[in-house]
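Good morning, and thank you for joining.

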Amino acid sequence: MAPTTETFRCMACGHEYEELVEKGVDRERQCPRCRSNSIRQLKRKPAPDAGAGGSAT
Amino acid sequence: MDAGRHPNIELLTFSEVDDVSGYVGNFTVRIRKKARYVDPTACNACGECAKVCPQVRPDEYQMGLSARKAIYIPFPQAVPCAYVLDMESCLGNIPIACGKCADACEKKAIDYDDRDEIVTREIGSIIVAVGADVYDPTQDDEYGYTRFRNVITSMEFERLICAGGPTGGHFVRPSDRRRPTRIGFVQCVGSRNPRLNRPWCSNICCMNTVKDTLLLADHYPDTENVVFYQDIRSFGKGFEDMFQRSKQAGTRYVRGLPGEIVEDPATGNLHVTVENTTAGRIERYELDMVVLSVGVEPPRDLARISGLLTLSKTSDGFFMESHPKLKPVDAPTRGVYFAGFCESPKDIKDSVCQAGAAASRAGALLNAGRIRIEAITSRIDPAACTKCGLCAQVCPYGAIRWQKGEVATVVEAACAGCGACGATCRSGAITMRHFTDDQLLAQVRAVLAHRPEDKVFVFACNWCSYAGGDMAGISRMAYPASNRVVRTMCSARVSEEMVVEAFRCGAPVVLVSGCHYADCHYISANRQTVKRVDRLWDRLERLGIRPERLQLEWISAAEGQKFAAVMRRLEDLRRTVTAEEIALTRAALAAPAKPAPKPARATAPQE
C-alpha cells in the first residue's frame, strides 16, 4: 500500500510537521525540532461532502 | 559431523521452520523439509550425476568464483554427504526433458517427483542460532567494487587463499590470474557507518584482516600488505599479540580510510588515495589488489523468525536478549535462547561460549521439568470477564487464550507481566500481581496528597525510564526536585484511569515514560502506551483540559541526560499551569466522562 502523508504535532514544543506514513510500519516518532517523543497524530478532517453546498450551475 | 551422528540429536537439514505455537516446555513446531530430489539414504556421493549435468551455475559457496552443476553438494563436509538437485536451475525446469542425472545414477536415488514434506515436533525449548548475513558492497558500489575487477571482499579473499577454493589455494587476482604482490585491506566496509544505516562494529573484521595478513606473510613473504583502518580493535586473549606479529611481519597499518580508488585500465592496478591521520598527510598507493573487509548485518529473514517466536530486535536489527548483563542468552519469550551472531556480532570463541550457555540454559529448563516465574503475572477473574478478548489482542506474548464468547485465560508460564492486558481490560477482571490497579492508584493518591500543584507526576517503566532516572542520579546530573516517580514494569501497564486519577488529584503535569521502541523489554507492549496516550490526549481535549499537560517520552537506562532534560522541560511546563487551571481540571474530571460525540449519520438521499 502506498504511503500517505500524515500531520503530526509535537505536544512538547507545538511544532507541526508532515511525514510519510507506511501502513503496517511501526516507527518510533520524534519531533524533528525538539526531539521529544510526545507526538500526536492529527486526525484528518473529513472531506467536504461534494453534494452539500455545491455550485448551483 | 558429531551432531549428525549423535543418538540424541535429530538433524533436519535443508528444512525450514514454518510455524511455532505453544509456550515454554510445550512448543509445537511445524517444519518444512524441502524436496532434495535426491534420496540422501541411497546417494553415495559418487558424483556421476554432476559429471553429466549440462547446467552450470555460479557456486554460491565459492562466492561465485567457480561454477557448480544443477545437481551438486553445497559444500565439502556437508551433512548428509549427498547430492541435491537445484530445481530452479535444472534444465528448463522440466527434468524429464533432460534426465541425464537419473540415467547416470546407479543407485536410482534421483526422484523428480519429490515434494516438500511437513513434519511437526513437540519441543521443550528453542535455541535460535540463525547467524548473520555479510554486507554486500554492491549496494553502494563501495570503493568501486562493482567496477574494478581487483577490488574483492574479505569473503572472496577467504575462498581465493583456501586450499579447497576455486584456485586450489593459489592466490591470484581476478583480472589477469597473476599473483598480486601489493595488497591493500580496507576496514569497516559496511560497519560503523551511520550513512549506510550500519552504525555497529562487526567485531570480527579487524582480527580477520590481521589473520589474513599473517597468512599472506606466511605463504608469500614477498607480498607488501597495507591495512587502511579507523582503529584496530584487537581486544581478546592473544589478539593484541597477533596484531603485533602482523606488524612485525611487515604489514603497514595506515590510520585512515581511502577517499578514492581509481583503476588503471591498462594494468588493472588500483591507485588508492588516503589521508594518513597519524602522519597528517595525503598518501597515494599503487596496489595490485584491494580487499574490502566487509561487516555483518542481521539475517534477511530475521523478521519472519521474530514473528514466529515473538522476539524483539534492538535498534541495530539483531535480536534483543532478555537482559544484556543478567540474561544475555535468554530471549524475552521464555524457553527461547540465542547463540551466535543473530544476537549481536561476535567471534567464534564468543559464539561457542554463548552456544554452550544456551544449551545449558535449555538443558536446565528441561531437566527441572518445571519453571519458576516471577510473581507479577496477570490473573483473570472469570466472573468479571466480559469475554471481549481485548486482553488477548494486546498481549505481546500470546499468553492469553481467548475464543469468541468464552472467558479469557492466562497461560502463566508464558506471561511476562508487562501489564498491557490489565491496563486494557474495561471490566476490571484482570489483576496484575504486585502491580494491581488499587496499589498503583493508591500510590498516585499518596504522592499527590500534599501540594500536588508543586509536583510533576511521572510513570516510569522498570527497565528503561526508571533506570534512566537512576543514571541521572548516580551521574550527579542536576534537575528540578519536583518530580515524583511511580514505577510500573512496563509503560503499557499505565491505564487511562491512572493518568486521569493523577490529574483528578491535582497534578499539573503527568509524564508517561518507557523504553525506546527497539528496547521494549516486553517485545512491543509499549505500542499500546502510544495508543492509550493518543486516546487520552483526545479525551483531555474534549474535556477542555490542555492535552500538553500529558507528556510521553522514551528514555533508555543509559539516557540519564535525557531524563534530566525532560524533567527540566516538564518543570517549565508545570510553572505555566495555574491553580485555577488545576481546579477546572479537577471539576471536569470529577463529573462522569462525557461519551465521545458520535459522527453524524449520513441521511438517506431524499427522493
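Two residues are taken to be in contact if their C-beta atoms, placed from the backbone, lie within 7 Å. What you see is a predicted model. With that cut-off, the contact takes 8 residues from chain A and 12 residues from chain B. On the side of chain B that touches chain A, helix H15 (526–542) and strand S27 (550–554) of chain B each supply at least two residues. The largest share of that side, 4 residues, comes from S27(B). By class, the residues of the side of chain B that touches chain A are 5 nonpolar, 5 charged and 2 polar.

I turn next to a sheet in chain B. Here 5 strands form an open sheet with parallel pairing, in the order S10-S17-S11-S12-S13. Why is one side of S10 and of S13 in chain B left without a neighbour in the sheet? Strand S10 (151–153) and strand S13 (252–255) of chain B stand at the edges, and each has a single partner strand, so one side of each lacks a neighbour there. On average, neighbouring strands of this sheet are turned by 25 degrees against each other, direction ignored.

Strand S12 (residues 224–229) of chain B is joined to S13(B) by 4 bridges, and the two run parallel. B:Tyr253 in S13(B) stands opposite B:Val227.

Helix H5 (residues 154–161) of chain B lies across S10 and strand S17 (289–294) of chain B, running at about 120 degrees to S17(B).

Now to a pair of helices. The axes of helix H14 (residues 496–504) and helix H17 (residues 579–590) of chain B cross at roughly 135 degrees and come within 8 Å. H14(B) and H17(B) are therefore oblique to each other. From H14(B), B:Val500, B:Phe503 and B:Arg504 meet B:Thr585, B:Arg586, B:Leu589 and B:Ala590 in H17(B). This contact has 4 nonpolar, 1 polar and 2 charged residues.

Finally, the cores. The largest nonpolar core has 74 residues, and B:Ala420, B:Val499, B:Ala502 and B:Val510 have the most contacts inside it. Strand S24 (residues 456–461) of chain B gives the largest share of this core, 6 residues. Leaving aside neighbours within four places in sequence, B:Ala420 is in contact with residues including B:Val394, B:Cys490 and B:Ala525. A second, separate core of 32 residues includes B:Tyr145, B:Phe157, B:Leu216 and B:Tyr285.

Definitions and conventions. Residues are numbered from 1 along each chain as its sequence is written. Chains are lettered from A and ligands numbered from 1 in the order in which they are written. This is a predicted model: local features need pLDDT of at least 70, side-chain atom pairs count only at pLDDT 80 or more; totals for chains, interfaces and linings use all residues. Two strands pair if DSSP finds at least two bridges between them. Axes are lines fitted to C-alpha atoms, for helices over the stretch in contact, and angles run from 0 to 180 degrees between N-to-C directions. Ala, Val, Leu, Ile, Met, Phe, Trp, Tyr, Cys and Pro count as nonpolar, Asp, Glu, Lys and Arg as charged, and the others, Gly among them, as polar. Angles under 35 degrees count as roughly parallel, over 145 as roughly antiparallel, 65 to 115 as roughly perpendicular and the rest as oblique. A nonpolar core is a set of buried Ala, Val, Leu, Ile, Met, Phe, Trp, Tyr and Cys residues joined through C-beta atoms within 7 Å. A residue is buried if 20 or more other C-beta atoms lie within 10 Å of its own, exposed if 12 or fewer, and partly exposed in between; C-beta atoms are placed from the backbone.
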